[in-house]
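Please open the model in your viewer and keep the selection panel at hand. The tour below moves from one selection to the next and says what is there.

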Amino acid sequence: MGIKILQQSKSQKQKAEAYVFFAKAANMGNLKAMEKMADALLFGNFGMQNITAAIQLYESLAKEGSYKAQNALGFLSSYGIGMEYNQAKALIYYTFGSAGGSMMSQMILGYRYLSGINVLQNCEVALNHYKKVADYIADKLEKSESIPVEKVRLTEKPENLSSNSEILDWDIYQYYKFLAERGDVQIQKALYYFLKAAKAGSANAMAFIGKMYLEGNAAAPQNNATAFKYFSMAASKGNAIGLHGLGLLYFYGKGVPVNYAEALKYFQKAAEKGWPNAQFQLGFMYYSGSGVWKDYKLAFKYFYLAHQSGQPLAIYYLAEMYATGTGVLRSCRTAVEKRLKFLKKRRCIQWHFSYGIELPFKDIHLARRLYDMAAQTSPDAHIPVFFALMKLETVHLLQDILFFKQFTMCWKWMKLDNTLGPYWDLFVIGLIVAVLIFLLRNRYG
């Protein structure tokens, strides 16, 4: 119940109601609810931050085999947040987490072995950890009926678009697809909009209608025959998306008999127009030998072309080829780089945190620790660290005042950090000078 409310909630009040249900379920021993509550206590959702209580809950969950709890304890141990700073212990938690199925732990272990953080540097072990995550994500992508791509535009426009139809690009289609997945009524307007544009002769609109019927949604129930009709209309105008759509129908036998020769023909035409999904499909056909002789050099060629436009599965298969030395000289480092690119492209599991680039939340205790380390490392850092700590302690003090908390909930726009931004040091200097002048005047005045 809580998860359903949380997914559908649009206001902070509704989200708070969801956590009331989580709390009740957690008291009854529901592990998933306990995980949600532990996260809420750790991150301070709705003013509930209590790191000590979060750790106790995570430790209890870890004993029950929760990989999410193992991963969280590994993170807290590795930074010394609320518990002893212990990298060896963190490594144990991450290892148990990865064994339990935590993709986050797999990513962190991969990064540690790649960089040699508290373990012997080992590219092969890192590659193995990243492979498990990449395989998991790729499996999900391959099971979807359409092959997703990240906001890619055609490198060669298949039609001369008028000013009215110029906006009918991939981004617009992806936006309406997002609305459809949310069950938003706007998808009805999208279909009306595309039908009107298609009637006016827009090949892009025809192709998008074909995709809507191929994938199926509330406005356009899945219908292979209708998808074939609109893909054919778009393809007759030389539209790359329409050509690729026909290729998919023949490749998977949707509404037509499986015909690899026809699929190959349409994929080639779409690929010539620069459509990355078609380039990937050609690469896959030659890689797997689907309807053609296996040809790893051609597979590499088309995967590489598609990967340049960011096609995620093309990046995944390139990594596989480099990892196994299939059709290309084996390179562990290149395989790792490709897998990292694939995972970053999918933004699968808090990418920046997993890769070690940034933390998933602002944590004052960790910030203090890092500032102290900076001051100990270099004498030149003492003054900037002093001002940074002044800012940190000021914000922390304000956050701990109940009166301030009540007002920040009502006035969300009032954020000191955004207002003062990079001028905090000047603000602190001015404040110190003002205090000194006040004290001197009182003493000698």
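At what angle do helix 15 (residues 276-288) and helix 16 (residues 296-308) pack, and how far apart are their axes? Select both helices: they pack at an angle of about 160 degrees, and their axes are 8 Å apart. An axis here is a line fitted to C-alpha atoms, for helices over the stretch in contact, and angles run from 0 to 180 degrees between N-to-C directions. Helices (H or I, at least four residues) and strands (E, at least two) are DSSP runs, numbered from the N terminus.

Before going further, note that this is a predicted model, in which local features need pLDDT of at least 70 and side-chain atom pairs count only at pLDDT 80 or more, while totals for chains, interfaces and linings use all residues. Residues are numbered from 1 along each chain as its sequence is written, and side-chain values use heavy atoms, with hydrogens and water left out.

**Helices 15 and 16**

Helix 15 and helix 16 are therefore roughly antiparallel to each other (angles under 35 degrees count as roughly parallel, over 145 as roughly antiparallel, 65 to 115 as roughly perpendicular and the rest as oblique). Their crossing is left-handed, a term used if the near helix is turned anticlockwise from the far one by less than a right angle, and right-handed if clockwise. Now show side chains: the contact (heavy atoms within 4.5 Å) includes Phe 280, Phe 284 and Tyr 287 of helix 15 and Tyr 296, Tyr 302 and Phe 303 of helix 16. By class, this contact of helix 15 with helix 16 has 13 nonpolar, two polar and no charged residues, where Ala, Val, Leu, Ile, Met, Phe, Trp, Tyr, Cys and Pro count as nonpolar, Asp, Glu, Lys and Arg as charged, and the others, Gly among them, as polar.

**Helix 14 against helix 15**

Among the residues in contact are Tyr 260, Leu 264 and Phe 267 of helix 14 and Leu 282, Met 285 and Tyr 286 of helix 15.

**Helices 3 and 4**

Next select helix 3 (residues 31-43) and helix 4 (residues 51-63), whose axes come within 8 Å and cross at roughly 155 degrees. Helix 3 and helix 4 are therefore roughly antiparallel to each other, in a left-handed crossing. The residues of their contact divide into 12 nonpolar, one polar and two charged.

**The disulfide**

Which two residues form a disulfide? Select Cys 123 and Cys 332, whose sulfur atoms are 2.1 Å apart; the term covers a pair of cysteine sulfur atoms within 2.5 Å, and by this rule the count comes to one disulfide. Cys 123 lies in helix 8 (residues 123-143) and Cys 332 in helix 18 (residues 332-346), 209 residues apart. At 21% relative accessibility Cys 123 counts as partly exposed, whereas Cys 332, at 10%, counts as buried (buried means under 20% relative accessible area, exposed over 50%, partly exposed in between, with a 1.4 Å probe and protein chains only).

**The whole chain**

Finally, select everything: the secondary structure of the protein chain comes to 24 helices and zero strands, and of its 445 residues, 42% count as buried.
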